[in-house]
Amino acid sequence: MYNAEKYIKKTLNSIIEQSYQNWEIIIIENGSEDKSPDIIREYEKKYPEIRMIKGPGKGPGPARNRGLKLAKGDYIVFVDADDYLPDTEIFRKYISIAEPTGADIVVSNYVRLWEDKILPASKHEAFALCSPSSEEFRFRGFFSIGTLSYVWCKFYRSEFLKKQQISFSENSYAEDKLFNMQCYICDAKFAFLEDVGYVYRKNDASVSWQYRSDSTENWFKIAYELKGWIEKKQKEPEKYASLIRYLIFFASFFDAKMEYMQHKNSLRAVRKTLKKYGTNPVGKRVFHELADRKRHLYINQRMWEIMIRTFSFGMKQQWYILLAVGIKMLITQRVDERLSDTGVRE
């Protein structure tokens, strides 16, 4: 929790009102400067199952690790302080799937709240029906749809996380994507809940929506840590290499878009960002591999394959200004929004 006084009551009430009552709520207070802590103290007086712990103040990753160490339950649910659960039966629904299947992670669908308007997100059935070992599952789950990237809208088995020694990194952004990729690499057993189990609120003050000048370095750090995790778990490198390739591909576009918006539609800022990706040793190798038509992309979405090949070829040839113009067109025509999990946001 960080500066969430406007939302924290709704968040907590959505958990307290669950029909399944064998829960604990651990709130990691990570340096709030508003009245959030005062609100929590009132809840602590009323509910002994709620406790607020002083966080490390180093971002969401270390804060979540603190909560994981303190958690006593058989299962873990992560809820951001400005979001909420839409269904009072969601805990029971998670358990009704996790118990008989022995799933390590149960994934629900979710919706997004944009300016007081609920917008549906792409459903997980787009990849849930694919084999978990397939590249299609990885590509859709972590990238084009992206549901597997988030720690919210999920139900984790504590024993699995402890056995595999999975925790969050101290990266400034996308630590949850790395966390879930680590789970995947450790052969987590997935199960899927069709119901909507989470409401994600667009909060401009949250970490997710803030511009970060170190974003590019952060993504490459995640790529290095992911490679190290694959080696640590002694997994077949080529089987999981696509995770790193697509991570860099999507990160480069994401950062280019953020720079374009931050610097008032500057093509020069976009070009500079693309060059940072294209000249980095990891990025250079990734775009050469993705541009290589002899290397088959095992994804079924023809449009995505064309976009990946074309963009990567441009990066390989160092056509940064041309790609910057293309990115500007995609943003201007709102194609990037149509390709996201929520569609055009109006």
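Colleague: Why are α10 and α14 called roughly perpendicular to each other?

Modeller: This is a predicted model, in which local features need pLDDT of at least 70, side-chain atom pairs count only at pLDDT 80 or more, and totals for chains, interfaces and linings use all residues. Residues are numbered from 1 along each chain as its sequence is written, and side-chain values use heavy atoms, without hydrogens and water. The axes of helix α10 (residues 237–262) and helix α14 (residues 320–332) cross at roughly 75° and come within 11 Å. Angles of 65 to 115 degrees count as roughly perpendicular; α10 and α14 are therefore roughly perpendicular to each other.

Colleague: Which residues make the contact?

Modeller: Contact means heavy atoms within 4.5 Å. F253, A256, K257 and Y260 of α10 meet I327, K328, L330, I331 and T332 of α14. By class, this contact has six nonpolar, one polar and two charged residues.

Colleague: What makes a set of residues a nonpolar core?

Modeller: The set must consist of buried (under 20% relative accessible area) Ala, Val, Leu, Ile, Met, Phe, Trp, Tyr and Cys residues, joined through side-chain atoms within 4.5 Å. The largest such core here has 66 residues, and L274 is among those with the most contacts inside it. Its largest share, 11 residues, comes from α10. Another core, of 35 residues, lies apart from it and includes F91 and L193.

Colleague: Which residues of helix α3 are buried?

Modeller: In α3 (residues 60–70), they are G61, P62, A63, R64, N65, G67 and L68. What covers them includes β1 (25–29) and α8 (175–185).

Note on methods: Axes are lines fitted to C-alpha atoms, for helices over the stretch in contact, and angles run from 0 to 180 degrees between N-to-C directions. Helices (H or I, at least four residues) and strands (E, at least two) are DSSP runs, numbered from the N terminus. Angles under 35 degrees count as roughly parallel, over 145 as roughly antiparallel, 65 to 115 as roughly perpendicular and the rest as oblique. Ala, Val, Leu, Ile, Met, Phe, Trp, Tyr, Cys and Pro count as nonpolar, Asp, Glu, Lys and Arg as charged, and the others, Gly among them, as polar. Buried means under 20% relative accessible area, exposed over 50%, partly exposed in between (1.4 Å probe, protein chains only).
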